[in-house]
Amino acid sequence: MIYFDNSATTKVDNDVLNTYQKVSENYWGNPSSLHNFGEKSFNLLQQSRKQIADILGVAPAEIYFTSGGTEGDNWVIKGTAMAKREFGKHIITTQIEHAAVKNSAAALEDLGFDVTYLPVDEEGRVSAKDLEAAIRPDTILVSIMAVNNEVGSIQPLAEIAEVLKKYPKIHFHVDAVQGMAKGIHDLIFNDRVDFITFSGHKFHAPRGIGFIYGKNGRKINPLMDGGGQERGQRSGTENLPAIVGMAKAVRIVKDHENESIVTEQAIREKIYHHIIKLDKVRIFSKLNDHFAHHILCFAILGVKGETIVHAFEKEGIYISTTSACSSKKGITSGTLNSMGVPQSEAKSAVRISLGDHNQLAEADKFNQVFDKLYDQFKKLS
């Protein structure tokens, strides 16, 4: 089996899984309990928080655990809206955000907030000039993803941060779910960025766990009220085994980040150069610094994306139609539509997304299978 769908989810690392099991077996005390057994769980929780913070170069008090990317995006966007609504009700985001951001923004529109959705160019990137032009006196939040999950475009966060330095009261949120250990740490952890969302299952941690970075001094309302966990900001008994496992996963992927980038980039380039020469192939992810090295989005014209996915599946290769969250709903890529890609091409789009477990030899196998399927599709058309 060749698994090229890592942007949808990754396999839990064996060391992470072992950690999860050991914590489940030995630290089942509630971290909020007063007794010694609960105190041991609390200490392990705080150790995990510090480990993640140290690796990322932030303060432990700036790490808040969540259930994943969707909760993190919802929390920052809705939490900012509720905390700052007396100062304004204008939010700026983009046309190509993940549904967790776009739908959160839409929900706030129903509550009377005004949302500007920035357009993107043919590479799927927003303009810092467009952002600055959209800022109003009542703007309270800018939310822009780091890496697009469908085509891999990297947003110009540094340029956007420079613009927002002129507007220090506006919250700047970055959805970095596709950005952990992908060589863009300094881009994401810009001094002007206030909130960052991460999801554990994108980097070999268990599903249902994630965290946000929230800069000290920046306030948002809690998304959930209850027992006051996470310093009163995110109530609910902490998923300690998953949290400790995620801390280990962060360390593992960051320790191997450089070598993983080299391998993933080599795989992507080998596939790119092989398929780009074919007449019926359109590639939407370019080989330049504006695109992440681990995502390749392309189409075989005249063939539906779901047909391509299932054809590769029969050969033991797993890819996806753009976003996993919308693939089963049959929704055409919103990112490609925003990039100006014709509908006839967008409906044929599929995505390869690589991870640090992939090997260069898998590119050779993929290319062999691609040639076989391409010939079959040509005969059918």
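## Close-up views of a two-domain predicted model

**View 1. Salt bridges link the two domains.** Across the interface of domain 1 and domain 2, the rule finds two salt bridges, each being a side-chain nitrogen of Lys or Arg within 4 Å of a carboxyl oxygen of Asp or Glu. Glu-264 forms a salt bridge with Lys-182, and their closest N and O atoms are 3.2 Å apart. Please keep in mind that this is a predicted model, in which local features need pLDDT of at least 70 and side-chain atom pairs count only at pLDDT 80 or more, while totals for chains, interfaces and linings use all residues. Residues are numbered from 1 along each chain as its sequence is written, and side-chain values use heavy atoms, with hydrogens and water left out.

**View 2. Here is how the chain is divided.** Domain 1 covers 2–8 + 257–380 and domain 2 covers 14–251, with bounds from an automatic or database domain assignment. Their centres, taken over C-alpha atoms, are 28 Å apart. To the contact (heavy atoms within 4.5 Å), domain 1 gives 31 residues and domain 2 gives 25 residues.

**View 3. This is the area hidden between the domains.** Domain 1 and domain 2 bury about 2,300 Å² between them, with 49% of it on carbon and sulfur atoms; buried area is the accessible area (1.4 Å probe) that two parts lose on being put together, summed over both. Three residues, His-290, Thr-335 and Met-339, supply 25% of the area that domain 1 buries against domain 2, more than any other three residues.

View 4. Strands are DSSP runs (E, at least two residues), numbered from the N terminus. Strand 2 (residues 63–66) points Ile-63 and Phe-65 one way and Tyr-64 and Thr-66 the other way, and all are buried, meaning under 20% relative accessible area, with exposed over 50% and partly exposed in between (1.4 Å probe, protein chains only). Four bridges join strand 2 to strand 8 (residues 210–214), and the two run antiparallel; strands pair if DSSP finds at least two bridges between them. The bridge partner of Phe-65 in strand 8 is Phe-211.

**View 5. Meet Arg-282 and its surroundings.** Arg-282 sits in strand 9 (residues 281–283). Arg-282 counts as partly exposed because its relative accessibility is 32%. Leaving aside neighbours within four places in sequence, Arg-282 is in contact with Cys-297, Phe-298, Ala-299, Leu-301 and Glu-345. The side chain of Arg-282 also reaches the backbone oxygen of Asp-279 at 3.0 Å.

Terms used. A polar contact is a pair of N or O atoms within 3.5 Å; within protein, one must be able to donate a hydrogen and the other to accept it, and residues adjacent in sequence count only if both atoms are side-chain atoms.
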